[in-house]
Amino acid sequence: MRKLLVLALVGLAAQLVDGSLGMAYGLTSSTLLLVVGVAPAAASASVHLAEIGTTFAAGVAHWRFGNVDWRVVSRIALPGAVGAFAGATLLSSISTESAAPWMAGILFTLGAYLLVRFSRPLRTDRIGGRLRGRFLGPLGLVAGFVDATGGGGWGPVATPALLVSGRLEPRKVIGSVDTAEFVVAGAASVGFLIGLGTEGFLLPTVLALLIGGLIAAPLAAWLVRIVPAQLLGAAVGGVIVLTNARTLIRSAELGGPVRPALYALLAAGWLAALVFAVRALRRTRRARTAVATATAASAATATATAPTATGPLPSDDDARVGLTAAATPAAR
């Protein structure tokens, strides 16, 4: 019972992160399941089955808050489903011994990408324009495949790519990616069902993750407007890197002074990424404040220099006299 409660809290925290950041539900949940000894294929299968419910709730919440671009969803969801089905089929056919370091390597790489991505300022200076299908289709295919084989990865691949494109405001990137993930999670679950059968799904784990995720989904859709993605992304990336580094170090059979040295190096990298993230967030906020101040000053200057009418308004007789005087020289 205690284990299920912990898993429910993990599902809640993972959905808060995912709904606010557009990624990391699968990464966080799969990483935890691997740590407690769940087989890689079963971990990914269980997480994706739970995601069917959590992504549906997240999609509805994001839609109600106006965070969804349905054109992007329609162009990225189907290729993502194809990639997820292929990835689930591949992972189901690999032995547990071979899949564990493979899956940990994918999660480690994605966690490191989060650290690098969110330690730099997030670009929002090219909002506008249209995202083309020839960009969204391949992106969805790759993101879906990585998501199923790694137990997570749809958001870490799709969300940063859309943010970097600058064609869509961040909240709509997150809402659209979360909404499309419902289709991706369903396709991955079908692939795992075919490859593993019903025994591949840990139903108590699925239920616990689902309950926690459903509770958090509406709150996450609201938090996306106020939570600094810069800090959240760097923090989650560090947790994922350190946790999956444990599996990789064990697989490489590294011992002695090498292991603590690697952990210290990774922890130092995480701390540096957090520092850079804080600096980037402060620079962004200062830039926004400067722009707002300059805009307000320009508006105040324009108002102060605008011509204003003073004195009594001219009467009709005065107006007629003025017109006559103006016309007299022309007549002469």
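Me: How many helices and how many strands are there in the protein?
Reply: This is a predicted model, and read along the sequence its pattern is α-α-α-α-α-α-α-α-α-α-α-α. The protein accordingly holds zero strands, and its helices number twelve.

Me: What percentage of the residues of the protein count as buried?
Reply: A residue counts as buried when its relative accessible area is under 20%. Applied to the 332 residues of the protein, that cut-off gives a buried share of 42%.

Me: Is Gly153 buried or exposed?
Reply: Gly153 sits in the loop between helix H6 (133–150) and helix H7 (154–165). Once its neighbours within four places in sequence are left aside, Gly153 is in contact with Leu27, Leu110, Ala143, Val146 and Asp147. Because its relative accessible area is 3%, which is under the 20% cut-off, Gly153 is buried.

Me: Which helix gives the most to the nonpolar patch?
Reply: The nonpolar patch on the surface is formed by Phe56, Val60, Trp63, Trp70, Phe182 and Val183, which together have about 610 Å² of accessible area. Helix H3 (40–64) and helix H8 (170–196) each supply at least two residues of this patch. With three residues, the helix that gives the most is H3.

Me: Why does Val60 count as partly exposed?
Reply: Val60 lies in helix H3 and belongs to the nonpolar patch on the surface. Partly exposed covers the range between the buried limit of under 20% and the exposed limit of over 50%. Val60 therefore counts as partly exposed, since its relative accessibility is 35%.

Me: Which residues gather in a patch of positive charge on the surface, and how is Arg286 classed by its relative accessibility?
Reply: The residues that gather in the patch of positive charge are Arg279, Arg282, Arg283 and Arg286. Arg286 is found in helix H11 (residues 258–305). Because its relative accessibility is 54%, and the class in question begins at over 50%, Arg286 counts as exposed.

Conventions: Residues numbered from 1 in each chain as written. Predicted model: local features only at pLDDT ≥ 70, side-chain atom pairs only at ≥ 80, totals over all residues. Heavy atoms only, no water. Helix = DSSP H or I, 4+ residues; strand = E, 2+ residues; numbered from the N terminus. Buried < 20%, exposed > 50% of the residue type's maximum accessible area, 1.4 Å probe, protein only. Patch = residues over 30% accessible without salt bridge, like charges linked within 9 Å, V, L, I, M, F, W, Y side chains within 5 Å. Areas by Shrake-Rupley, 256 points an atom, 1.4 Å probe, with all protein chains shown as cover. Salt bridge = Lys/Arg side-chain N within 4 Å of Asp/Glu carboxyl O. Lys, Arg positive; Asp, Glu negative; His and termini not counted. Charge placed at Lys NZ, Arg CZ, Asp CG, Glu CD. Contact = heavy atoms within 4.5 Å.
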